[in-house]
There are 2 protein chains.
Amino acid sequence: MTTSEQPATLRERKKLRTRQALADAAVTLFGERGFDSTPLDALLEDVEVSRRTFFRNYRSKEDVALTAVKQLWDVYLDVLDGTEKSGPLADIFLSAMLTTLERMDEDWYRRFPLTLRLIADSPALDGHTLRHCAEVQAEIARRLDGQDRLELRLLIEFFVAAWRCALDEWLPECTPGELPALLRRACASMNSALTLQV
Amino acid sequence: MTTSEQPATLRERKKLRTRQALADAAVTLFGERGFDSTPLDALLEDVEVSRRTFFRNYRSKEDVALTAVKQLWDVYLDVLDGTEKSGPLADIFLSAMLTTLERMDEDWYRRFPLTLRLIADSPALDGHTLRHCAEVQAEIARRLDGQDRLELRLLIEFFVAAWRCALDEWLPECTPGELPALLRRACASMNSALTLQV
DNA sequence: AAGCAAACGCCACACTGTGGCACTTCGTGG
DNA sequence: CCACGAAGTGCCACAGTGTGGCGTTTGCTT
């Protein structure tokens with residue numbers, strides 16, 4: 001479960017509420033009418049928010065649609081920070097993601113699959129996600145400095161690749177309980193992938 | 001060297017010439033003034049082409065800036081098609097890229113580093129490149145169907161990741177002769193990356 | 001209660017990308 | 001050789017995204 005500590009002030013709670021309303025309306029609205037073919041104004045009218053305030057909360061139309069993805073990686077980095085770093089790094093990355101998945105709440109498991117479907121049929125969104133992934137990877141590398149640069153970077157790339165593979169297999173059904181097993185399987189296949197013959 | 005067979009008709013040669021002029025002016029102009037801060041109109045005035053015709057040749061501003069990248073992968077897919085597929089797939093992917101690098105001509109080795117620098121300081125371009133990479137990966141997978149899906153997909157991801165790592169190390173200097181060695185090294189490090197300890 | 005700062009809404013603008021339509025230019029067949 | 005069709009181009013207008021300015025509301029503070 002995500003620890004959702006309420007901010008003290010009313011002002012911040014209000015702002016957070018519109019942020020959530022925007023993110024929530026985004027996945028449903030874009031899901032119904034398609035990301036590319038839904039003007040941003042439709043979302044703004046839906047939530048009754050001016051364009052100006054929208055762009056104070058989110059950097060772009062893509063940004064708001066990918067809220068669930070960002071939340072996941074935020075939690076992941078958080079988990080990684082609180083992890084004892086010893087042993088094989090690949091195991092650390094994997095188990096950190098498994099605990100991350102346990103921490104996500106029910107509402108996230110509703111919104112995340114919707115987001116994945118949006119990504120699947122909008123190249124613009126896909127590009128944005130990949131770019132965000134790259135930033136997260138750089139952030140992970142930064143927190144594990146002192147390692148061999150090349151190998152560390154490679155391993156991080158490999159892990160994220162495995163994660164995306166697992167998501168692709170998860171996408172059709174999106175049964176929450178299935179995802180950890182798929183990720184485990186993808187990670188377990190990494191070694192044999194390298195020696196794949198043809 | 002890239003086989004640049006001239007199209008027969010004058011019309012097609014003319015069109016090709018404006019395409020090249022656009023791509024060439026793009027890397028230099030964006031390189032001087034920055035991708036995000038250079039309006040597309042500046043490029044159009046430079047090449048003396050209307051917006052309408054530009055968009056008949058390229059799908060977006062990002063598209064024209066990434067011409068060199070696309071050319072590389074086009075050649076790569078071509079090389080891969082003409083390769084005898086037997087032995088370890090990882091070796092096949094690697095040597096296909098090495099021959100690809102040999103096939104690229106001098107002008108490409110001038111434009112490609114410029115393009116990499118554009119990508120490095122424009123998130124929008126980076127996202128676009130990553131998206132394009134993903135399409136190429138899907139294309140590679142399609143041409144090697146019949147393999148185990150998960151492991152094949154993983155290996156392709158790994159290879160492209162190694163390629164990007166090599167590029168990152170190559171970026172500061174961009175000595176053409178260095179790139180193959182960097183790529184070899186990255187590929188050679190894949191195994192030990194998986195067993196990285198901390 | 002009053003003042004301050006954050007957040008908001010409205011307006012105007014720059015830039016990217018698309019569709020319609022007329023015009024030029026190239027290729028081709030009588 | 002010329003005349004016609006098609007590909008390519010330019011111009012115009014428009015939708016959509018994202019930004020800056022500025023006055024106003026709203027919540028926090030003392």
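Colleague: What makes up the surface near DNA strand C, by class?

Modeller: In this predicted model, the residues of that surface divide into nine charged, five polar and five nonpolar.

Colleague: How do you know which residues belong to the surroundings of DNA strand C?

Modeller: A residue is near a strand if its C-beta atom lies within 6 Å of it. There are 19 residues around DNA strand C, and the closest are A:Arg52, A:Thr53, B:Thr9, B:Leu10 and B:Ser60.

Colleague: Which helices supply at least two residues each of that surface?

Modeller: From chain A, α1 (10-33) and α3 (51-57) do; from chain B, α1 (10-33), α2 (40-47) and α3 (51-57) do.

Colleague: Let's turn to the two chains. Why are the copies said to be related as by a two-fold rotation axis?

Modeller: Chain A can be laid on chain B by a turn of 180 degrees with a shift of 0.0 Å along the axis, and the RMSD is 0.0 Å. The two copies are therefore related as by a two-fold rotation axis. In chain A, A:Gly127 has the C-alpha nearest the axis, 2.4 Å from it.

Colleague: How do you know that the copies meet through the same surface?

Modeller: Because 100% of the interface residues of chain A are also interface residues in chain B. The contact involves 36 residues of chain A and 36 residues of chain B. On the chain A side, α6 (89-103), α8 (123-143), α9 (149-170) and α11 (190-194) each give two or more residues, with the largest share, 11 residues, coming from α9(A). That side has 20 nonpolar, 10 polar and six charged residues.

Colleague: Which residues have the most contacts inside the largest nonpolar core?

Modeller: They are A:Leu154, A:Phe158, A:Ala162, B:Leu154, B:Phe158 and B:Ala162, in a core of 99 residues. Core members are buried and joined through C-beta atoms within 7 Å, so residues of both chains can belong to one core, as these do.

Colleague: And what is B:Phe158 in contact with, leaving aside its neighbours within four places in sequence?

Modeller: Its partners are A:Phe158, A:Ala161, A:Ala193, A:Leu194 and B:Met190.

Colleague: Finally, how many residues of domain 1 of chain A are in contact with domain 2 of chain A?

Modeller: Six, and they meet nine residues of domain 2 of chain A. The assignment places domain 1 at 10-60 and domain 2 at 66-190, and their C-alpha centres lie 25 Å apart. The side of domain 1 of chain A that touches domain 2 of chain A has four nonpolar, one polar and one charged residues.

Note on methods
Residues numbered from 1 in each chain as written. Chains lettered and ligands numbered in written order. Predicted model: local features only at pLDDT ≥ 70, side-chain atom pairs only at ≥ 80, totals over all residues. Buried ≥ 20, exposed ≤ 12 C-beta atoms within 10 Å, placed from the backbone. Contact = placed C-beta atoms within 7 Å. Least-squares fit on C-alpha atoms with pLDDT ≥ 70 in both. Domains from an automatic or database assignment. Nonpolar A, V, L, I, M, F, W, Y, C, P; charged D, E, K, R; others polar. Helix = DSSP H or I, 4+ residues; strand = E, 2+ residues; numbered from the N terminus.
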